[in-house]
Amino acid sequence: MRKLINGTSIDLGVCYYPEHWDQSLWSEDLDRMMAVGLKTVRIAEFAWSLIEPREGEYTYEFFDSFLNLAAEKGMQVIFCTPTATPPAWLTEKYPEVLNADIDGNLYRHGSRRHYNYNSPVYREKSRNIVEKSAAHYAKHPAIVGWQLDNEFNCENDRFYSESDTLAFRKFLQEKYSTLEELNQAWGTRFWNQTYTAWEEVYVPRKTNNHSVNPHEVLDYYRFISDSVNSYAKLQADIIRKYKKPEDFITTNGMFANIDYQRMERDSLDVLMYDSYPDFGYELDSYNPEDAMKDRWWSRNLSEVRAVSSNFGIMEQQSGANGWNTRMEAPTPRPGQITLWTMQSIAHGADYVSYFRWRTCTFGTEIYWHGILDYSGRDNRRLGEIAKIYDKVGKIQEIAGSKYVAKVGIIKDYDNIWDAQLDRWHSRVDSVSQNALFVTLQQTHTPFDYVYLEKISSVEDLGQYEVLFYPHACILTVERMAILEQYVAEGGKLVMGCRTGYKDMNGRCVTDYLPGLASKVTGTDIPEYSFVAPDDGHVMAEWDGAEFEAAVFNDLLAPVGDNAEVLGTYISSYYAGCPALIRNRFGKGEAYYFGGAFAEDTVRVFLDKLGESEPYEEWIRLPESCELAVREKGGKKYLFVLNYSAEQAEITLKTDMRNLFTGEREMGQIVVEKYGVRIYVV
Ligand code: GAL
């Protein structure tokens, strides 16, 4: 059985860099970690040179000593492949392994993640170091798992080296077989872009107006994801040959241009995330009007959960954020490390590892604080970690329980990447995604992200009463078939403006809009427009409720006997025109809304569809608190997370057990600032 995230325990750990400290400190450090319940360390992710100091010369003593000491102390170790930071000898001798900017200038040695995934030399060197590390260390009793690389695509998620262009051509040849097909898919007749030889095709390059063919860019993002995934698999396949059967393979963080569902299928046993909610208080980006701040990380955690239902946090914030060149954020206030740890657990984390034990005294991350400051003396944050350990001890029964939600937000990578390259798409999508998250939080409505993939089926959707698919600009016949079946079987599907106007190449369809979604939504869109800036907020009305039809408006017409106009626009020149149509389809219903979703809009939908405050018979909470629910064996665990600097008053309407105290509670309860409660029902 896996030693972590195995459904039987919730565990704590910490990131440690034995190479940053004098060896004489290791023993004391490990003892002090164990004393506060940090019983797993992650090591070695940037330490290539300690294993291969010169090309082809391998030395294992350094990590042997550390691993032996760890085993002696009963400390578990997650060992990493060190490929995020190639050694100087490698990049100097083989500059082709470096990533380049869009002009082809190489990113040089001195930072990290400066390599490209497609260089045959880098693949060979990576294969060697992973093979040597796994062959030597994998059977060590201290090791319980492996981390691939460190944060794929962090720092940079675009690749423009020569190897990338060569690999892109191959990717395209496999996808399209002939240049004619590529020319057709990319619409290269536009502006005379027709290709006559594969050698004429490049990864996007600098162009006049920076407007690279959009269909090419969409394929380029798919290509990057494919490159990362095949590189991760190269490493995972090697480790699997050597690791103990119970040891897991993971990677950490979530970044752009990666299909993580595929990575989990191809390479990982479980995904881990790096959670730094203190960015909500970052000096440069701080927005006093933002009601979410550190609560935005619940959105990220929901994305992690869409990959691994129970996951790990490899790096959980434990000190101030900052590099010497960027980012300035305060030290977590008393209670916040606990709050953020519980935020992770609330969303499904069964392992939480803090970043990092001691704050580094050199390098660009001297301000990225760990639990301890430079001197290593005991401090308030270490005291808080000890209390967290105590609390985690009391909530062990939660291990393996699953986050539960009746509302889902559908996503797919084609639309995510299309929104990344297409301004019209991103404008509606960002407004709706933000508003959905904020409103679901404020109405204490747990939700999941649900990814539509090639392997998806209606069973993946069946547990949700309502699914929002806000702006599926790209639709496919296969995805539409699953959605139709979901609705036919009784589901409620809500789609927003701009649905169905593109195909998988990102080309616009000539069908009547919303294209493939016309049938299930019973909707036709004879006309559409951006909301004109001098129209202000365009409003719509549904049964007396007025709300915004933000950003972009499809002017709707119902089609067929089952379609019913529920709402109309009440401002602009199209006042009186249908803005919302409900179509009864089989046992369920599909809603087509002509705008993007603002917060008041989401609120109206949740109220009318009966999804808001699903636990209000049990508990009432102010907006400053998040409610997250995990479930196991018929028991529900209600997490109350107070993100505010003010105390919060909550009301328990039924008798519940407080998991931290073991006592039964009911009625009015005061939750202290940054406080957390977990109740069992
Ligand atoms: C993470 C990364 C760590 C460390 C930390 C602080 O993204 O995995 O290695 O760099 O951020 O910047």
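Biologist: Does asparagine 252 count as buried or exposed at 1% relative accessibility?

Modeller: In this predicted model, asparagine 252 has a relative accessibility of 1%. Buried means under 20%. Because 1% falls below that cut-off, asparagine 252 counts as buried.

Biologist: Which residues have side chains joined by a polar contact to the side chain of asparagine 252?

Modeller: Asparagine 252 is placed in the loop between β5 (248-250) and α9 (260-266). Residues it touches, leaving aside those up to four places away in sequence, include Arg42, Asp149 and Met272. Side-chain polar contacts of 3.3 Å and 3.4 Å join asparagine 252, respectively, to glutamine 147 and glutamate 315.

Biologist: How many disulfides does a search of the whole structure find?

Modeller: A disulfide requires two cysteine sulfur atoms within 2.5 Å. For cysteine 154, which is buried at 9% relative accessible area, the closest cysteine sulfur belongs to cysteine 15 and is 14 Å away, so the distance is too far for a bond. Cysteine 577 is likewise in no disulfide, since the nearest cysteine sulfur, in cysteine 497, is 13 Å away. Over the whole structure, the number of disulfides found is zero.

Biologist: What is omega for the peptide bond that joins leucine 513 and proline 514?

Modeller: Proline 514 is found in the loop between β13 (492-495) and α16 (518-521). The peptide bond joining leucine 513 to proline 514 is cis, and its omega is about 5 degrees.

Biologist: What is the phi of asparagine 153?

Modeller: Most residues other than glycine have a negative phi. Asparagine 153 lies in the loop between β4 (143-147) and α6 (162-176), and it counts as buried at 2% relative accessibility. Its phi is positive, near 70 degrees.

Biologist: Is histidine 210 buried or exposed?

Modeller: Histidine 210 lies in the loop between α7 (179-186) and α8 (214-242). Although histidine 210 is not a glycine, its phi is positive, at about 60 degrees. The relative accessible area of histidine 210 is 63%, and the cut-off is over 50%, so histidine 210 is exposed.

Terms used: Residues are numbered from 1 along each chain as its sequence is written. This is a predicted model: local features need pLDDT of at least 70, side-chain atom pairs count only at pLDDT 80 or more; totals for chains, interfaces and linings use all residues. Side-chain values use heavy atoms; hydrogens and water are left out. Helices (H or I, at least four residues) and strands (E, at least two) are DSSP runs, numbered from the N terminus. Buried means under 20% relative accessible area, exposed over 50%, partly exposed in between (1.4 Å probe, protein chains only). Contact means heavy atoms within 4.5 Å. A polar contact is a pair of N or O atoms within 3.5 Å; within protein, one must be able to donate a hydrogen and the other to accept it, and residues adjacent in sequence count only if both atoms are side-chain atoms.
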